Amino acid sequence: MSATSTDRSAVESPYELDIYPKRGIQIVRGKDAKVWDHEGREYLDAAGAYGVANVGHANEEVARAVGEQARKLVSCPGAFSSDVRSKLLQKLVAIAPKSLTRAFLCNSGTEALEAAIKFARYTTGREEFVCAMRAFHGRTLGALSATYEPKYKQEFAPLVPGFTHVPFNDCSRLEEAVTERTAGVILEIVQGEGGIHVGDGEYFATARRVCRERGAMLIVDEVQTGFCRTGRMFASMHFDLEPDMMCVAKGIAGGLPMGATLVSDAVAAPTGLHGSTFGGNPLCCAAASAAIDFMKRHRLDERARERGDLLVSLIEPKKLSRVREVRHLGLMIGVELREKVTPILRALQQRGVLALPAGKTVLRLLPPLVITEGEIRYLADQIAEELR
């Protein structure tokens with residue numbers, strides 16, 4: 001069967017596991033904050049490729065770096081040194097919280113979290129972890145054990161034992177849960193999948209203090225909040241938080257698959273403890289290095305803060321009857337509705353806007369950080385028209 005411009009999805013479906021709920025459109029091209037389908041229709045991508053496209057779709061500087069590197073060297077296992085990997089590692093440590101001095105490079109956020117779990121167990125000699133209710137940390141078995149929502153987990157029990165979940169932003173419950181058996185406390189700075197709930201300074205200060213007092217590792221999951229998304233290079237920086245480990249991915253490499261676990265000097269990870277065939281490959285390292293340079297030069301942290309504040313300022317005064325609350329930090333925005341979000345997502349797609357859910361009733365907005373002021377105003381108008 002040959003594919004035409006209108007039947008490509010029909011060709012894809014018979015050969016792909018039916019894992020993803022399809023949106024009914026086929027994306028073939030993107031540029032900055034916009035994407036186009038196979039029929040040429042334009043969409044404003046307020047989903048940001050699930051929070052990946054921080055520097056925009058088809059970023060020219062990232063594309064140039066990838067092209068140049070692809071003609072030099074694509075693969076280089078970790079047993080061999082790589083000039084482009086060394087360059088990226090230096091950049092990552094330079095932009096990270098000061099407590100973090102080294103990094104393990106991998107391919108995704110869930111892999112970064114798995115590495116952190118292993119490093120914490122090895123370093124402390126303990127097996128238990130304390131996590132937050134509503135948390136989402138990934139879909140592999142260790143990361144899934146740290147995740148809270150039962151719908152992601154119930155088909156895969158038994159999971160890794162020793163994971164406890166306590167209410168987010170509840171200092172006393174967190175302090176009660178961390179004991180001499182706790183290897184690590186795993187927290188998001190902003191709960192993304194859990195509904196865009198922002199942590200507070202007292203909560204994170206409590207987590208840092210309790211971990212130090214009881215010998216546990218403080219692990220922050222910045223897979224979705226990292227790389228300027230919240231108005232700082234990393235969301236931890238809003239709270240002057242210096243963790244023992246930080247997991248990053250999504251926006252790190254301009255759209256290429258990469259993750260990293262950054263660690264402090266307190267973390268032990270001897271030779272042979274862990275590994276990744278494709279982790280730190282030169283192609284993704286070149287992309288990440290170019291993406292980080294772009295973020296810094298164009299001050300995407302400041303841009304995310306300004307654009308996020310603008311979008312919220314355009315939505316909130318309208319006092320939309322179907323909106324319960326708007327929560328945000330930078331360009332990580334959750335619009336909590338008084339109804340289920342799925343029909344709203346479909347309606348916005350018909351209006352040429354792509355967005356995400358965060359639970360059953362939260363509209364999640366993660367647009368590329370290069371989004372223009374005009375595009376922000378258009379996005380606010382479309383949301384307001386749909387939710388009046």
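1. The structure is a predicted model, in which local features need pLDDT of at least 70 and side-chain atom pairs count only at pLDDT 80 or more, while totals for chains, interfaces and linings use all residues. Residues are numbered from 1 along each chain as its sequence is written, and side-chain values use heavy atoms, with hydrogens and water left out.

2. The pLDDT, which is the predictor's confidence in each residue on a scale from 0 to 100, averages 95 over the chain, and 97% of the residues score at least 70. Over residues 1–7, however, the pLDDT is below 50, and this stretch has eight contacts in the model beyond near neighbours in sequence, a contact meaning heavy atoms within 4.5 Å. Where pLDDT is low, the predicted coordinates should not be read in detail.

3. Helix 11 (300–315) and helix 13 (residues 373–387) have axes that come within 9 Å and cross at roughly 30°. Because angles under 35 degrees count as roughly parallel, the two helices are described as roughly parallel to each other. From helix 11, Arg307, Leu310, Leu311, Leu314 and Ile315 meet Glu373, Ile376, Arg377, Leu379, Ala380 and Ile383 of helix 13. Sorted by class, this contact has eight nonpolar, no polar and three charged residues, where Ala, Val, Leu, Ile, Met, Phe, Trp, Tyr, Cys and Pro count as nonpolar, Asp, Glu, Lys and Arg as charged, and the others, Gly among them, as polar.

4. Helix 4 (residues 83–95) packs with helix 10 (residues 282–297) at an angle of about 40°, their axes being 9 Å apart. The residues that meet include Val84, Leu88 and Ile95 in helix 4, and Cys285, Ala288 and Ile292 in helix 10. By class, the contact of helix 4 with helix 10 has nine nonpolar, one polar and five charged residues.

5. Ser321 lies in the loop between helix 11 and strand 13 (323–329), and it counts as exposed because its relative accessibility is 52% (buried means under 20% relative accessible area, exposed over 50%, and partly exposed in between, with a 1.4 Å probe and protein chains only). Leaving aside residues up to four places away in sequence, Ser321 touches Arg338, Leu387 and Arg388. The C-alpha atoms of Ser321 and Asp200, which are 121 residues apart along the chain, are separated by 28 Å.

6. Val28 is found in strand 1 (residues 27–31), and at 45% relative accessibility Val28 counts as partly exposed. Val28 and Val220 are 192 residues apart along the chain, and their C-alpha atoms are separated by 35 Å.

Definitions and conventions. Helix = DSSP H or I, 4+ residues; strand = E, 2+ residues; numbered from the N terminus. Axes fitted to C-alpha atoms, helices over the stretch in contact; angles between N-to-C directions. Parallel < 35°, antiparallel > 145°, perpendicular 65-115°, else oblique.
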